[in-house]
Amino acid sequence: MEFSSHSRVWVYQSDRKLTDAEALQIQVQLDNFTTGWTAHNHQLLAKAEIRYNRFLILIVDESQAGASGCSIDKSVNFMKQLEQQFGINLFDRFNLAYRDGEEVVSVPRHQFEELLKTGKINTETVVFNNLAQNLTELQTKWEVPFKDSWHIQLFRDLVTV
C-alpha cells in the first residue's frame, strides 16, 4: 500500500522493551486491528508497525476516509487492551525515550532529569518525539537530537554544557 506523506500517525511508546515474541504477537494483533479499522462504516487505509520493540505506530492515510472521533476511540481502546494483555504502559507521556549508543532506552521523567543534570543525556543525545502528527514528521522529526526536539523547551535549565 502507498501512504501519503500527510498520513496521520499516532505513536505509542511502551514503558519497556518488548521481547521479540511479544513484538510478533502484537504485530499480528495490530495487523488484524488495522485491517478492520473503520470510520463511519468506511474502511480506513491504515497500517501499523513496531519500531525498536518499543514503539507501536498507527498510520492512517486520510485521503480516502478520515479517522473520526469514534474510530480514534476504537484505537485507544485497542491499545488499552494490548497494555493489559502484555503488562505494558503505552499512555505515560512522561516516560521519555532516548538513544544510548545503539540501544533505545526509556525512563521516567525524574530519571531523565537526573541524566540531564549528570550530562549522560546532552544536547546531541537522540530523543524520540512521539508527538509526530504525520508520516513526514515521523520520518524527519521523530528521532532527533535533544536540542532540536520539544524536550529542550521543557528541560533547558537542566542541560549541562
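**Salt bridges and sheet packing**

In this predicted model, Lys117 and Glu114 form a salt bridge, with 3.5 Å between the closest N and O atoms. Both residues belong to helix 3 (residues 109–117). They sit three residues apart, about one turn of the helix. Lys117 is partly exposed, at 44% relative accessibility. Glu114 is also partly exposed, at 42%.

The structure holds eight salt bridges. One of them joins the side chains of Glu22 and Arg16, at 2.8 Å from N to O. Glu22 is buried, because its relative accessible area of 14% falls under the 20% limit. Arg16 reaches 26% and counts as partly exposed. Another salt bridge links Arg51 to Glu49, the closest N and O atoms being 2.5 Å apart. Arg51 is partly exposed, with a relative accessibility of 25%.

Three strands make up an open, antiparallel sheet in the order 1-5-4. Strand 1 (8–13) and strand 4 (45–51) are the edge strands. Each has a single partner strand, so one side of each lacks a neighbour in the sheet. On average, neighbouring strands are turned by 15° against each other, direction ignored.

Strand 1 and strand 5 (residues 55–61) run antiparallel and are joined by six bridges. Trp10 has Leu58 in strand 5 as its bridge partner. Helix 2 (residues 69–86) packs on the sheet and touches strand 1 and strand 5. The direction of helix 2 makes about 20° with that of strand 1. Helix 1 (residues 20–36) lies across strand 4 and strand 5. Helix 1 runs at about 170° to strand 4.

Methods: Residues are numbered from 1 along each chain as its sequence is written. This is a predicted model: local features need pLDDT of at least 70, side-chain atom pairs count only at pLDDT 80 or more; totals for chains, interfaces and linings use all residues. Side-chain values use heavy atoms; hydrogens and water are left out. Two strands pair if DSSP finds at least two bridges between them. Helices (H or I, at least four residues) and strands (E, at least two) are DSSP runs, numbered from the N terminus. Axes are lines fitted to C-alpha atoms, for helices over the stretch in contact, and angles run from 0 to 180 degrees between N-to-C directions. Contact means heavy atoms within 4.5 Å. A salt bridge is a side-chain nitrogen of Lys or Arg within 4 Å of a carboxyl oxygen of Asp or Glu. Buried means under 20% relative accessible area, exposed over 50%, partly exposed in between (1.4 Å probe, protein chains only).
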